Amino acid sequence: MTKVLAISGSLRDDSFNTKLVRNAAELFGDDVEVELWSGLKDVPPYDEDDDRDGAPKAVADMRAAFAGADAVFISTPEYNSSVPGQLKNALDWVSRPLATNPLRNKPVAVVGASAGAFGAVWAQAELRKVLAALGARVLEVELAVPHADERFDERGRLTDGNFVEQLTAVVDSVVLAVAERAARLEVTA
């Protein structure tokens, strides 16, 4: 069974990006296990001194979640035209050691939502750059949900059919990328 690690870059339980992650989780098929990872708030600030003789438990758990996934799906808000600090910090921990980090060659999709007019497009671009530097296989898919405060109903469901269609395309791209990666690994084995 395919496993996708789904992450909201927001710490708020009721954030637009958490809602977007939950909507995506419902679009994956029955043959995909989606883990909604909620440990972002527990990850301490990166300090190489704390990573010498084994990482803190929250970091070890996070690294294991990344390592156990076939793909990663991230929805990021935009803070000051960039990636939220806590999300970037988590990726700094995951990136160590660089040559063997659990994101290396792993398919990753990045989407985002914001109350503003641009749907976190700058944060998504920054996040894609960081993920590529870590060696992730960043999928060439996009979904920016602007005016997110108008796009979800009271139950957190995405209500705009155009955005549901785009989110479905992103989910389908993740599933396809996992299948293609598995086929490549099978050929080289």
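Colleague: At what angle do H1 and H5 pack?

Modeller: In this predicted model, the contact joins Leu20, Asn23, Ala24 and Leu27 in H1 to Val164, Leu167, Thr168 and Val171 in H5. By class, that contact holds six nonpolar residues, two polar ones and no charged residues. The crossing is right-handed, and with the axes 10 Å apart, the packing angle is about 65 degrees.

Colleague: How far does H5 reach from its first C-alpha to its last?

Modeller: Helix H5 covers residues 161-188, and at its start a side-chain oxygen of Asp160 comes to within 2.9 Å of the backbone nitrogen of Asn162. For its 28 residues, 40 Å would be expected at 1.5 Å a residue, and the reach in the model is close to that, at 41 Å.

Colleague: Which strands and which helix do the buried residues of H5 pack against?

Modeller: The buried residues of H5 are Phe163, Leu167, Val170, Val171, Val174, Ala177, Val178 and Arg181. Their packing partners are strands S1 (2-8), S3 (71-76), S4 (107-113), S5 (137-138) and S6 (144-145), together with helix H1 (16-27).

Colleague: Is Gln124 buried or exposed, and which backbone oxygen does its side chain reach?

Modeller: Gln124, which is found in helix H4 (residues 121-133), counts as buried because its relative accessibility is 3%, where buried means under 20%. Leaving aside neighbours within four places in sequence, Gln124 is in contact with residues including Thr76, Val110, Gly119 and Ala144. Its side chain also reaches a backbone oxygen at 3.2 Å, and that oxygen belongs to Leu143.

Conventions: Residues numbered from 1 in each chain as written. Predicted model: local features only at pLDDT ≥ 70, side-chain atom pairs only at ≥ 80, totals over all residues. Heavy atoms only, no water. Helix = DSSP H or I, 4+ residues; strand = E, 2+ residues; numbered from the N terminus. Expected span 1.5 Å × (residues − 1). Buried < 20%, exposed > 50% of the residue type's maximum accessible area, 1.4 Å probe, protein only. Contact = heavy atoms within 4.5 Å. Polar contact = N/O pair within 3.5 Å; in protein donor to acceptor, adjacent residues only side chain to side chain. Axes fitted to C-alpha atoms, helices over the stretch in contact; angles between N-to-C directions. Left-handed = near helix turned anticlockwise from the far one by under 90°. Nonpolar A, V, L, I, M, F, W, Y, C, P; charged D, E, K, R; others polar.
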